[in-house]
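Q: I have a structure open and would like to go through a few parts of it. Could you help me read it?

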Amino acid sequence: MRKSLALTAVVSFSLTAPSYGADLDDSQLESIPVPEVLTPVRLKQPRTEVPASVTVIDHELIAAAGVRELPELLRLVPGMVVSARSGWDYVVSYHGTNRRNSRRMQVLIDGRSVYQAGLATIEWSDIPIAIEDIERIEVTRGPDTAAYGANAFLGIINIITKHPDDSARLRVKATYGSSGTENYYASTSGNLQDSSYRVTLGKRRDNGFDTRQRGDERNDSKDAHFINGRWLLTPADSWNIGFQFGYKNGIKTDDLNPPNVIPPDIWVKDYYGSVNSQVFLSDKNSIKWQLDYSRTQYVSEYRTCENFGVIICGDINDNSQNTRVDFDLQDTWLSSKDVKLVTGTHFQRKHVDSQTFYAGTIDLNSYQLFGNFEYRFLPQWTATIAGSEEKQEHGGSDFSPRLALLFAPDKTQTFRLVYSEAIRTPDLYENNLNWNYTATKISPPNLIPDPFIRPFKKSLGDLTEEHIRSREFGYYGLWFGGALELDAKIFNDDLTHLISENLTNANLIPTNSTSLNQTGFETELNIHPIEPLHIHINYAQINSHASSSTDIANAYNEQTLTPRHAGSAGIMYALGDGLSLSSFYYFAYPVNATKLSRWDSRITKQLRLFTNNLSVSAAVQHYFYKYSDYFTDNTYDSPNRFLVSVDLSF
Amino acid sequence: MKRMFLILLLWLPVCLPASGEAVIARIDVVIPADNAALADLAGGIQHALQQSAAIPVNIRTADNKNSSDTQNTLLIALSDNLLPWLATEKNNYAATLAFYVSSTAYLAHLRNDDKVTALYRDQPLARQLQLAKMLMPNLHHVGIVTGHRNLPQPLAELERSSKLEIQTIDIEDKIDWPKYLSQLMLDSDVLLGVDDATIYNADTIRSILLTTYRRGKFLIGPARSFVSAGSLASCYTAPDQYMQQLVEMVGVFLRSQKLPRPQYPRAYRVAINPQVAASLGLAVQDEKTLTARLQNQVGECGDGC
């Protein structure tokens with residue numbers, strides 16, 4: 001009797017079960033409801049679905065490379081040319097082109113542009129962040145004004161600092177090395193309720209290069225201290241807000257001024273503040289906004305003398321103050337897993353105050369609207385249509401389109417075809433220059449007026465946008481379960497209306513007269529065959545052909561910074577017991593008749609002291625050629641340079 | 001067919017008359033007052049047990065749990081909240097089966113009590129590790145975040161059975177616990193979730209997931225609800241599967257008067273979050289294939305799988 005009852009139970013259970021069992025998701029049984037955290041809008045796009053050439057330098061690669069200057073890290077990016085005009089004046093440019101300034105790249109730190117409009121350059125040594133605080137650097141190799149706005153002409157360098165939760169509670173580090181190198185770093189971070197913070201203090205100094213080709217000593221040192229902070233709050237699941245601030249104060253010496261002038265020191269003060277927030281409206285829609293403010297003040301005052309029949313001396317200066325305000329608003333909408341739409345607007349206000357360069361102050365506003373539509377129209381095919389409309393005050397407006405087609409035969413590899421156009425609007429320094437030297441404290445007095453104004457150079461204000469039309473065919477793939485990551489592309493870029501003249505030369509009036517064609521191939525390989533071993537390789541071959549309708553020198557200028565071959569190869573090996581070795585070889589040639597061939601090696605020993613980490617490392621850089629850094633005046637006395645550092649984290 | 005036979009075989013004890021005098025005359029199912037889903041589940045238990053065991057089954061809420069007649073009664077207690085009470089002398093039921101409780105919570109309160117047993121809510125860690133290995137064949141280092149509670153399975157045993165290196169950190173009472181987690185995720189390939197509500201709860205899951213994710217790593221487990229939140233994958237057991245095992249356990253007890261040892265759910269499936277996988281470039285198969293593959297490997301992960 002019981003037996004039959006039990007059998008009935010089986011049957012009746014399976015029959016009655018659907019009334020509650022089938023509808024009842026076990027997740028509903030959880031006593032605590034779990035919020036949906038990583039909704040699609042919070043997830044990052046997989047590398048295989050990115051419609052662009054991208055290189056990521058993560059904090060592990062940064063640590064292994066062992067360099068102490070931010071631009072040096074960018075040698076790990078295929079096609080990126082890193083050069084220096086002096087010990088502190090770095091020039092970084094994708095595919096090179098004109099050595100004058102880093103005018104054609106967009107550089108962002110946590111979304112904030114560090115481009116100095118008033119000087120038309122990126123002052124790499126004035127960026128007030130420490131390498132130790134960088135989580136990763138994402139480099140978009142190719143124009144993308146559709147997503148990043150003005151100056152994203154050749155490429156974008158996006159520097160992302162560590163989340164405070166990923167920083168040590170307290171970290172102190174000291175680095176000493178050749179050429180009077182001294183770096184100090186101290187950082188503390190923690191949590192306050194629903195927020196995380198980090199504050200960093202740093203100091204960097206070195207003597208720059210050692211000697212000129214003719215044998216006399218270089219005067220290109222830098223010495224700066226800085227403080228910066230980041231505070232991130234997540235009051236609710238649906239939104240977060242972050243604050244950043246920074247201050248830097250430093251002095252640089254310079255020896256590239258006219259010969260009749262005693263080289264002045266340059267005092268630099270840099271302040272910035274930034275607020276950004278992200279609001280998740282739904283699992284498909286999020287809004288992000290960011291407001292940035294930055295001000296950089298250059299003070300460089302000196303006394304100069306001139307022969308008016310009588311030698312007359314006066315005080316002049318190269319002072320300037322550059323302010324920049326940016327507001328960015330963007331909406332990301334994923335209507336389904338196959339359709340993604342990013343739209344937004346950007347406002348930028350530049351203000352420069354310099355009696356010498358602009359005879360007073362200049363303000364310039366610009367506006368941008370952008371959109372990026374991504375549609376997977378077949379399971380393996382995705383098309384991207386993007387564009388940006390940019391309008392500069394007192395100027396016309398320009399549209400830059402970007403089209404990409406992605407073919408993903410499977411989830412681990414993609415072929416991409418990209419066509420993009422971009423513009424670079426001429427900068428204040430190019431188009432609005434009104435360069436006069438005002439001499440004061442004239443001696444002997446009463447021979448000439450005091451103050452005495454000497455016009456130096458004035459822009460005609462007739463420059464139009466530089467233009468690039470870029471085509472690339474690329475491949476990205478993960479092989480052997482991710483043990484090998486390969487990216488490769490061939491490209492053909494036409495750059496027209498380039499402004500190529502030396503802007504600091506009083507006799508040269510800038511024009512839009514140069515055209516440049518660049519073709520080539522570049523590749524990046526990351527190999528991780530076994531647990532302790534990492535290999536990073538990159539190589540680029542670039543062919544440049546330039547012409548100018550006005551001056552052959554312009555065509556020459558546009559090819560000076562472009563090497564025909566450039567690349568690097570690095571190997572990182574963890575020996576165990578906290579001991580790790582890394583070795584990187586860098587090469588680029590020819591760059592303005594110099595040839596870079598450098599081998600860096602580094603050994604690190606990590607010790608655990610209770611719960612703290614002590615890390616001691618020693619590195620050597622060996623230069624195979626004396627003339628390695630663009631100018632033959634950029635030399636070090638010894639082919640070997642050393643760096644030791646002690647790093648303690650709690 | 002073979003499985004069907006096995007199920008029938010397992011059901012056999014329920015059908016056989018109990019040896020000696022039947023002591024248990026009633027079953028009380030106690031549920032928390034405010035959980036509709038658990039009340040629904042209790043209804044299912046009542047229905048199934050009344051038919052299989054042929055004794056009265058009452059459903060009570062937790063605030064009404066003290067019954068006058070407990071000598072001949074089996075208590076089936078649902079929810080972790082009842083565990084502290086079960087461990088006290090106030091619980092004078094003849095026998096107690098804690099159902100749908102987390103193993104960490106159960107072991108924290110009721111280790112070595114022969115009048116109490118459990119059918120755990122959570123999946124055995126060894127099974128979750130086996131799933132992680134299947135999804136990531138190059139897996140070496142696993143991180144586990146714990147509180148003051150012990151892991152339900154000894155660490156050394158887990159390491160031996162999974163052939164993985166496992167590092168654990170205790171983050172309870174640490175205000176800056178995201179830092180500990182961040183450091184752990186620097187050294188680990190994956191974070192293995194443990195069903196411990198003091199660690200994995202609605203307040204912490206956001207930080208746990210975002211920290212893990214920032215390090216480019218995945219969370220495995222601890223339960224299906226966490227997969228929708230952003231965990232890569234988890235094994236889970238469906239309500240009907242739990243109920244089937246519960247009915248078996250009760251049958252064994254009624255027949256032998258001896259409580260079976262605490263156990264994990266035997267039957268399971270795999271849940272996966274394909275968006276999370278894609279976002280970090282991990283190719284994964286569908287849930288059905290993964291379930292079948294994992295079930296085929298069960299022999300490899302020893303006790304608890």
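A: Gladly, and please keep in mind that this is a predicted model. In chain A, 4 strands form an open sheet in the order E15-E16-E23-E24, and their pairing is antiparallel.

Q: Which strands stand at the edges of the sheet, and why is one side of each left without a neighbour?
A: Strand E15 (301-307) and strand E24 (452-458) of chain A stand at the edges, and because each has a single partner strand, one side of each is left without a neighbour in the sheet. On average, neighbouring strands of this sheet are turned by 35° against each other, direction ignored.

Q: How many bridges join E15(A) to E16 of chain A?
A: There are 7 bridges between E15(A) and strand E16 (residues 311-317) of chain A, and these strands run antiparallel. To take one pairing, Glu301(A) has Asn317(A) as its bridge partner in E16(A).

Q: Switching to chain B, how do helices H7 and H8 cross?
A: The axes of helix H7 (residues 177-187) and helix H8 (residues 205-214) of chain B come within 9 Å and cross at roughly 35°, and the crossing is right-handed. Pro178(B), Leu181(B), Ser182(B) and Met185(B) of H7(B) make the contact with Ser207(B), Ile208(B), Thr211(B) and Thr212(B) of H8(B).

Q: And what classes of residue are in that contact of H7(B) with H8(B)?
A: The contact has 4 nonpolar, 4 polar and no charged residues.

Q: Back in chain A, is Tyr586(A) buried or exposed?
A: Tyr586(A), which lies in strand E30 (residues 579-591) of chain A, is buried, because 23 other C-beta atoms lie within 10 Å and 20 or more count as buried.

Methods. Residues are numbered from 1 along each chain as its sequence is written. Chains are lettered from A and ligands numbered from 1 in the order in which they are written. This is a predicted model: local features need pLDDT of at least 70, side-chain atom pairs count only at pLDDT 80 or more; totals for chains, interfaces and linings use all residues. Two strands pair if DSSP finds at least two bridges between them. Helices (H or I, at least four residues) and strands (E, at least two) are DSSP runs, numbered from the N terminus. Axes are lines fitted to C-alpha atoms, for helices over the stretch in contact, and angles run from 0 to 180 degrees between N-to-C directions. A crossing is left-handed if the near helix is turned anticlockwise from the far one by less than a right angle, and right-handed if clockwise. Two residues are in contact if their C-beta atoms, placed from the backbone, lie within 7 Å. Ala, Val, Leu, Ile, Met, Phe, Trp, Tyr, Cys and Pro count as nonpolar, Asp, Glu, Lys and Arg as charged, and the others, Gly among them, as polar. A residue is buried if 20 or more other C-beta atoms lie within 10 Å of its own, exposed if 12 or fewer, and partly exposed in between; C-beta atoms are placed from the backbone.
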